[in-house]
Structure formats: C-alpha cells, structure tokens
Amino acid sequence: MGVFDNLEKALAFDSKDGEGVIENLDVLKNRFRELIEEGKKEYLSLGRELMEDKKIEQSVSAEIFKAKVLAWAKKIKVKPMEIHIRPMKRKWASSSSQGRLTFDVELLKQPAKFRSKVVVHELLHLKIPNHGPLFRSLAKALLSIR
Ligand SMILES: [Zn+2]
C-alpha cells in the first residue's frame with residue numbers, strides 16, 4: 001500500500017480539514033483493500049474454472065471414447081469386433097486382423113485432435129493393413145474433413 005501512504009502524507013496538511021480527509025482516506029483505503037481481495041478471489045476461482053474446463057475439454061471417459069471410435073468406424077465403414085482400453089507400454093494403440101482394437105488408457109487424456117488421429121489410424125488398419133499411399137491419403141482426407 002505504498003501509494004496510499006504517500007497520498008496520506010500529501011494530504012496531511014496543517015489545516016483543520018486534515019483530520020477529516022485522512023479519516024475518509026482510511027475508509028477509502030479499507031474499501032479499496034476489500035475490493036482488491038474480492039477481485040483476487042474472483043480472479044483465482046476464474047482461473048481454476050478455466051483450467052478445469054480445459055481438462056474436461058481434453059480428457060474423455062472410456063465410454064465417450066468408445067462412442068467416438070464407433071462414430072469414426074461408421075464413417076470409415078469398418079466394424080471393429082472389440083474395443084479395449086488398457087495401459088500400453090510402447091504404443092498408443094494396436095489392431096488385430098480379427099478386428100480387435102486396443103487403445104492405451106493414456107490416450108483418453110490426450111488432446112482431441114491427437115485422439116482422432118490415433119483412432120482413425122487404427123480403424124483404417126481394419127481396411128488397409130499397411131501404411132502405404134492409400135492408407136496415408138485416406139487418413140489425411142478423413143482427418144481434414146470434420
Ligand atoms: Zn499403423
């Protein structure tokens with residue numbers, strides 16, 4: 001509150017009104033402190049809410065994730081037999097020729113764009129087992145029109 005101390009000094013004249021001014025100034029100072037405190041609290045809670053919003057926006061539940069996989073499968077016209085979500089050590093996902101898809105549980109916490117990329121990649125493998133030009137151009141096309 002250095003600014004107020006200086007202001008107080010500047011207003012402390014040798015006049016009769018001096019006292020009154022300082023009293024009023026104290027009231028003003030306290031009100032100002034209150035407002036700052038209120039502002040701080042509001043600002044902090046807003047920041048926290050924004051952070052939580054971001055987390056919510058980024059991560060999805062297993063149920064929602066599976067629903068997204070199925071929506072993509074419909075678009076790509078493939079039918080995954082099983083969708084599993086479990087911790088995986090070396091990859092984000094894998095697919096078997098029998099139509100069994102497995103996704104790393106950590107994928108649920110990744111940004112939506114990245115999740116889609118992985119999902120489209122694995123679903124496309126149910127159609128195309130390699131990463132050739134057809135695979136790559138289909139993946140690119142699917143991910144750009146959304
Ligand atoms: Zn692949």
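Q: Are H3 and H4 oblique or parallel to each other?
A: This is a predicted model, in which local features need pLDDT of at least 70, side-chain atom pairs count only at pLDDT 80 or more, and totals for chains, interfaces and linings use all residues. Residues are numbered from 1 along each chain as its sequence is written. Start with the angle classes: under 35 degrees is roughly parallel, over 145 roughly antiparallel, 65 to 115 roughly perpendicular, and the rest oblique. Axes are lines fitted to C-alpha atoms, for helices over the stretch in contact, and angles run from 0 to 180 degrees between N-to-C directions. H3 and H4 pack at about 50°, with their axes 10 Å apart. They are therefore oblique to each other.

Q: What is the handedness of the crossing of H3 and H4?
A: A crossing is left-handed if the near helix is turned anticlockwise from the far one by less than a right angle, and right-handed if clockwise. The crossing of H3 and H4 is right-handed.

Q: Which residues of H3 and H4 meet?
A: Contact requires C-beta atoms, placed from the backbone, within 7 Å. From H3 come Lys 68, Val 69, Trp 72, Ala 73 and Ile 76; from H4, Val 119, Val 120, Leu 123 and Leu 124. By class, that contact has eight nonpolar, no polar and one charged residues. Ala, Val, Leu, Ile, Met, Phe, Trp, Tyr, Cys and Pro count as nonpolar, Asp, Glu, Lys and Arg as charged, and the others, Gly among them, as polar.

Q: How do H4 and H5 cross, and at what angle?
A: The axes of H4 (residues 112–125) and H5 (residues 133–144) come within 10 Å and cross at roughly 140°. That makes H4 oblique to H5. The crossing is right-handed. H4 uses Ser 116, Lys 117, Val 120, His 121 and Leu 124; H5 uses Phe 135, Leu 138, Ala 139, Leu 142 and Leu 143. The class count is seven nonpolar, two polar and one charged residues.

Q: Which elements make up the chain, and in what order do they run?
A: Helices (H or I, at least four residues) and strands (E, at least two) are DSSP runs, numbered from the N terminus. The chain has five helices and three strands. Their order from the N terminus is α-α-α-β-β-β-α-α.

Q: Which residues form the largest nonpolar core?
A: In soluble globular proteins, nonpolar side chains tend to be buried together. A nonpolar core is a set of buried Ala, Val, Leu, Ile, Met, Phe, Trp, Tyr and Cys residues joined through C-beta atoms within 7 Å. Buried means 20 or more other C-beta atoms within 10 Å of the residue's own, exposed 12 or fewer, partly exposed in between, with C-beta atoms placed from the backbone. Here the largest core has 12 residues: Val 69, Trp 72, Ala 73, Ile 85, Ala 93, Leu 101, Phe 103, Val 119, Val 120, Leu 123, Leu 124 and Leu 126. H3, strand E3 (100–104) and H4 each give two or more. H4 gives the most, with four. Of the 146 residues of the chain, 11% count as buried.

Q: Where does Lys 77 lie?
A: Lys 77 is in the loop between H3 (62–76) and strand E1 (82–86). Its phi is positive, about 65°, although Lys 77 is not a glycine. Lys 77 is exposed, with 9 other C-beta atoms within 10 Å.

Technical notes. Contact = placed C-beta atoms within 7 Å.
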